[in-house]
Amino acid sequence: MNYRTILVSLPPGRANGRLMAASVDLAKRFDAVLLGRAACRPIHCLCHDYPVPAGLFEEDRRQRERHLLEAEADFRTATASLRQPADWSGRSCLEPLADHLAGESAAADLIIAGTAKKGDPFDATRQPDLCDLVMKAGRPVLLLPQSRDPASFDRILVAWKDSREARRAIADALPLLKAATRVTVVTMDAAEDQALARTSVARVANWLARHDIKAETLVVPTMKANASQLLEIARGGDANLIVAGAYGYSREGKWTLGGVTAELLTGERCAFLSH
């Protein structure tokens, strides 16, 4: 298994330099075709029953065109050194941006998206809802904080539980796991379940070994909220990527997420999520 096609989501009108650099680096590493995708949503799509003045409507149209042209120019400059041809598409769309990108992801093995800095306002006309993207895409999503320099992904922590989502995530991450210098599979369980947990992670480590991946295993008793404990383990082991299943359920069009998933979607640590 390898990543032959990588899609990067580039929000127009934003500084995407670090996101672009990381995407180009991964495309080179896997000799993959890089798909650059940018989309804007017209402002009137968010105003619902409120009319948009003609002047604002026209200014929004001009701004969308300018932002898409600038994003394309940046993408073509950044990808000029790639061996494989890069592919660009920028457009305005009426549907939510996450839905648009989820449709585009049918042509990709991996999606790369940037997470905003904590406290930055969310702009639904330029940024996809990352929760919706992860839960709807049907492809793994690599989340890269815009506030940090690109990571090498050589020290990977796999958050393991014996579930469909976790099994999907570790399988989707195999190319990155193969390239890593250290892989640790960690599970957190109540003290009375430690024996079963050790058996579970050992099974995963044996499976990884058949893919020529040497993995350490770590079983820790649950001491606090799983999200906080997982991030402490990642910091303690100096992991620069967390691989995890994305957990949640939808009710009336709104996603309710598990604690670890919610933290990784909004945190400032690189995360690889599959649902």
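## Two loop residues with positive phi

Asp-238 lies in the loop that links helix 9 (226–236) to strand 9 (241–245). The model described here is a predicted one, and in it Asp-238 has a positive phi of about 55 degrees although it is not a glycine. Its relative accessible area is 46%, which is why Asp-238 is described as partly exposed.

A positive phi is also found at Phe-153, where the value is near 55 degrees and the residue is again something other than glycine. Phe-153 is placed in the loop between strand 5 (141–145) and strand 6 (155–159). Its relative accessibility is 2%, and Phe-153 therefore counts as buried.

## Helix 3 and what covers it

Which residues of helix 3 are buried? They are Asp-60, Arg-64, His-67, Leu-68, Ala-71 and Phe-75. The elements that cover these buried residues include strand 1 (5–9), helix 1 (17–30), strand 2 (33–40) and strand 3 (87–92).

Arg-126 sits in the loop between strand 4 (110–115) and helix 5 (130–136). This arginine is buried but has no salt bridge, and the nearest side chain of opposite charge, that of Asp-60, is 4.4 Å away.

When neighbours within four places in sequence are left aside, the residues in contact with Arg-126 include Asp-60, Gln-63, Arg-64 and His-67, and among the others are Pro-11, Pro-12, Cys-40 and Leu-97.

## Ser-92 in strand 3

Ser-92 belongs to strand 3, and with a relative accessibility of 29% it counts as partly exposed. Not counting residues up to four places away in sequence, Ser-92 touches Cys-40, Arg-64 and Leu-68. With Arg-64 there is also a polar contact between the side chains, at 3.0 Å.

How far apart are the C-alpha atoms of Ser-92 and Leu-174? They are separated by 34 Å, and the two residues lie 82 residues apart along the chain.

## Strand 7 and its partners

Strand 7 is made up of residues 182–189, and six of its eight residues are buried, which means that the strand is largely enclosed by the rest of the structure. On one pairing, strand 6 and strand 7 run in the parallel sense over five bridges, and Ala-159 stands opposite Val-186 of strand 7. Strand 7 is also joined by seven bridges to strand 8 (residues 215–221), and these two strands run parallel. In that pairing, Met-188 has Val-220 of strand 8 as its bridge partner.

In helix 6 (residues 164–172), the buried residues are Glu-165, Ala-166, Ala-169, Ile-170, Ala-171 and Asp-172. What covers them includes strand 6, helix 7 (174–179), helix 8 (194–209), strand 9 and strand 12 (271–274).

Methods. Residues numbered from 1 in each chain as written. Predicted model: local features only at pLDDT ≥ 70, side-chain atom pairs only at ≥ 80, totals over all residues. Heavy atoms only, no water. Buried < 20%, exposed > 50% of the residue type's maximum accessible area, 1.4 Å probe, protein only. Helix = DSSP H or I, 4+ residues; strand = E, 2+ residues; numbered from the N terminus. Contact = heavy atoms within 4.5 Å. Lys, Arg positive; Asp, Glu negative; His and termini not counted. Salt bridge = Lys/Arg side-chain N within 4 Å of Asp/Glu carboxyl O. Pairing = 2+ DSSP bridges. Polar contact = N/O pair within 3.5 Å; in protein donor to acceptor, adjacent residues only side chain to side chain.
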